[in-house]
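Please read them with the structure open.

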Amino acid sequence: RWLERGACDVVLAGGYDAVSLFVAAGFEALRATSETLPNPFRTDRDGMCLGEGAGVLALERRAAGEVAGVHFFLTGFGASADAVHITAPDRSGAGLIRAGAAALSQAGEPDIGIVSAHATATPYNDAAESKAIAALCPGVAVHPFKAQIGHTLGAAGVLELLAATGAMGRGVAPAAFGHGEIDPEAQVTLLERAEARDITAVLKLSAAFGGVTAALVATPTAPQPSA
């Protein structure tokens with residue numbers, strides 16, 4: 001938004017969280033952590049594992065046709081708050097649907113090739129998010145990256161976006177870590193193996209405590225100006 005209105009020339013956006021006893025105890029108290037490994041969108045999922053990491057993006061305005069040094073373009077953004085519960089999501093997925101629909105609309109309704117899911121592998125989050133994915137872009141390959149690196153908390157959004165856009169840049173739909181039967185109520189597409197595909201847009205979904213949800217659309221090329 002700052003870049004759009006000319007408030008600045010460059011924005012550094014990212015995050016970091018350290019894994020500490022306090023943080024771990026908090027998620028244990030919520031019964032949000034797995035006894036084994038995360039198994040997102042599967043019938044026997046029982047929670048997440050904490051991870052640690054950091055990531056920062058440099059965002060800047062670019063003139064039409066100026067692509068040197070650009071890794072990807074952010075073409076759509078949406079956010080909402082469902083205000084249902086301090087930690088639990090709206091089980092209908094309505095908040096994520098609103099955020100995702102706003103991002104897709106701003107991006108011009110592109111053909112999404114990868115959904116980078118929030119995918120905490122907790123019973124309620126995955127059930128709600130799968131409803132949002134089915135409503136926004138059914139049949140698209142879903143990438144639950146937290147299952148591989150853990151939930152990095154403040155760094156999760158940027159690291160998961162980088163993983164998805166990196167796959168887009170290489171023309172790969174990534175495999176989804178996990179095992180066992182997909183939850184019949186979670187209508188998502190999880191690839192057992194990575195597949196070569198021409199991907200022209202990715203959708204990143206994120207959710208947070210307090211019902212806050214956000215979505216980004218990223219593309220390898222600049223959006224076409226509207227007529």
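1. Leu12 is located in strand S1; helices (H or I, at least four residues) and strands (E, at least two) are DSSP runs, numbered from the N terminus. With a relative accessibility of 65%, Leu12 counts as exposed. Here buried means under 20% relative accessible area, exposed means over 50%, and partly exposed is in between (1.4 Å probe, protein chains only). Leu12 belongs to a nonpolar surface patch with Val10 and Val56, and together the three have about 310 Å² of accessible area. Patches are made of residues with over 30% relative accessible area and no salt bridge; like charges are joined within 9 Å, and nonpolar side chains (Val, Leu, Ile, Met, Phe, Trp, Tyr) within 5 Å. The areas come from the Shrake-Rupley method with a 1.4 Å probe, and for residues only the protein chains shown count as cover.

2. A word on the basis of these notes. The model is predicted: local features need pLDDT of at least 70, side-chain atom pairs count only at pLDDT 80 or more, and totals for chains, interfaces and linings use all residues. Residues are numbered from 1 along each chain as its sequence is written, and side-chain values use heavy atoms, with hydrogens and water left out.

3. How many salt bridges does a search of the whole structure find? The search finds seven, a salt bridge being a side-chain nitrogen of Lys or Arg within 4 Å of a carboxyl oxygen of Asp or Glu. One of them joins Arg1 to Glu4, with 3.7 Å between the closest N and O atoms; Arg1 and Glu4 are both exposed.

4. Asp9 and Arg61 form a salt bridge through their side chains, at 2.9 Å from N to O. Asp9 lies in the segment before strand S1 (10–17) and Arg61 in the loop between strand S2 (53–60) and strand S3 (73–81), so this pair ties together parts that are 52 residues apart in sequence. Asp9 is exposed at 55% relative accessibility, while Arg61, at 41%, is partly exposed.

5. Is the salt bridge partner Glu160 buried or exposed? Glu160 forms its salt bridge with Lys146, and the closest N and O atoms are 2.8 Å apart. The pair links helix H5 (residues 156–170), which holds Glu160, to helix H4 (residues 146–149), which holds Lys146, across 14 residues. Glu160 is buried, at 2% relative accessibility, and Lys146 is buried as well, at 3%.

6. A network of salt bridges links Arg45, Asp126 and Asp183. Asp183 also lies 8.2 Å from Asp44, C-alpha to C-alpha, although 139 residues separate them in sequence. Asp44 is in the loop between H1 and S2 and is partly exposed at 44% relative accessibility.

7. Strand pairing involves S8 on two sides of the record of bridges: S4 (residues 114–116) runs parallel to S8 and is joined to it by three bridges, and S8 pairs with S9 in the antiparallel sense over six bridges. Two strands pair if DSSP finds at least two bridges between them. Ser116 has Lys204 in S8 as its bridge partner, and Leu205 has Ala215 in S9. S8 and S9 make a hairpin with four residues between them, and Gly210 in the turn has a positive phi of about 80°.

8. The search of the whole structure gives one aromatic pair. Phe27 and Phe209 form this tilted pair, 6.1 Å centre to centre with 35° between the planes. Rings of Phe, Tyr and Trp (its six-membered ring) pair if their centres lie within 6.5 Å; planes under 30 degrees apart count as stacked, over 60 as edge-to-face and the rest as tilted. Phe27 is in helix H1 (residues 21–29) and Phe209 in the loop between strand S8 (202–207) and strand S9 (212–219), 182 residues apart. Phe27 is buried at 14% relative accessibility, whereas Phe209 is partly exposed at 45%.

9. The charged end of Arg91 is placed over the ring of Tyr124, 3.8 Å from the ring centre. The criterion is NZ of Lys or CZ of Arg within 6 Å of the ring centre and within 35 degrees of the ring normal.

10. Two backbone angles deserve a look. Ala83 is not a glycine, yet its phi is positive, at about 50°; Ala83 lies in the loop between S3 and helix H2 (94–106) and is exposed at 67% relative accessibility. Leu153, in the loop between H4 and H5, has a positive phi near 55°.
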